[in-house]
Amino acid sequence: MGNEGVVAVERALSVLDCFRPGAEHLSLADFTARLPLHKTTIFRLLNSLARCGYVLREADGRYALGPRVLYLARVYERSFDLSAVVMPVLERLSAETGESAAYYVEGKQPGERLCLFRHQPHEGLHSQVLAGSVMPPDKSSTGRVFAIWAQGGPRGDDALPFFSCGARDPYTSSWSAPIVGNEDLFVGALTIAGPSVRLKTVDAKQFAAIMLARADELARRLGASADVRDMLYGPQSAP
């Protein structure tokens, strides 16, 4: 089976995506300004969403999210397992590169990072950072992600992914990319690491493309918007 979707469903979901913090109540004109759709089409989509409880039409004619959205959020919240979201991406990244893959989150102290999940290939020499390890601030690719993104976001010259060689120790190199999640907020870093003698000789363009594809996949799984993912990681093909 292909990856083709249903246009009407995608349009209806794009209507729901118009609701944001600070934009909880929207008029038909607001939707028209935000979407590349005809006003009549948007109106029909809103009527369908209202009948199913996904939006409510208020007394002043504006629209708000309906109770069905809250119900689905509660179901998702109860079923969410971060390891089940992150580990398949780490396993795929490790298989594609032959290197150790890890997911880092912010530590308790400023600049610290915690290796929350890690996957290591079964053979060969690899980075020995273990899940649960707390790393201090440094100039590694992962350290650079946290130095920039934990302090409010990227600068204009921050081309992704980041690469470092010998920053944490003389023998290790790494590639890293920031990960954004729900509400497009920074949540962590995706990293591959291995011996410098090996990583310095790989096809840098190919490794960068793999890193960005997996970063996009993980950000999508964690709820980041398509617009922000495209801006950070570049357009990616459908999974």
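**Domains, cysteines and salt bridges in a predicted model**

The chain is divided into domain 1 (7-71) and domain 2 (80-233), with bounds that come from an automatic or database domain assignment. The C-alpha centres of domain 1 and domain 2 lie 36 Å apart. This is a predicted model, in which local features need pLDDT of at least 70 and side-chain atom pairs count only at pLDDT 80 or more, while totals for chains, interfaces and linings use all residues. Residues are numbered from 1 along each chain as its sequence is written, and side-chain values use heavy atoms, with hydrogens and water left out.

**Cysteines**

- A disulfide is a pair of cysteine sulfur atoms within 2.5 Å, and by this rule the structure has 0 disulfides.
- Cys-18 is in no disulfide, and the nearest cysteine sulfur, that of Cys-52, is 18 Å away.
- Cys-18 has a relative accessible area of 7% and is therefore buried (buried means under 20% relative accessible area, exposed over 50%, partly exposed in between, with a 1.4 Å probe and protein chains only).
- Cys-165 counts as partly exposed because its relative accessibility is 39%.

**Salt bridges**

- Side chains of opposite charge can pair when their charged atoms come close.
- A salt bridge is a side-chain nitrogen of Lys or Arg within 4 Å of a carboxyl oxygen of Asp or Glu, and the structure holds 9 salt bridges.
- One of them joins the side chains of Arg-62 and Asp-60, at 2.9 Å from N to O.
- Arg-62 in that pair is partly exposed, at 34% relative accessibility.

**Salt bridges within helices**

- Helices are DSSP runs (H or I, at least four residues), as are strands (E, at least two), and they are numbered from the N terminus.
- In a further salt bridge, the side chains of Glu-96 and Arg-92 meet at 3.7 Å, N to O.
- Glu-96 and Arg-92 are 4 residues apart in helix α5 (residues 82-97), so about one helical turn separates them.
- Glu-96 is partly exposed at 35% relative accessibility, and Arg-92 is partly exposed with a relative accessible area of 39%.
- The side chains of Arg-214 and Glu-217 also form a salt bridge, at 2.9 Å from N to O.
- Arg-214 and Glu-217 are separated by about one helical turn because they lie 3 residues apart in helix α8 (residues 204-221).
- Both Arg-214 and Glu-217 are buried.

**The network**

- A network of salt bridges links Arg-92, Glu-96, Arg-214, Glu-217 and Arg-221.
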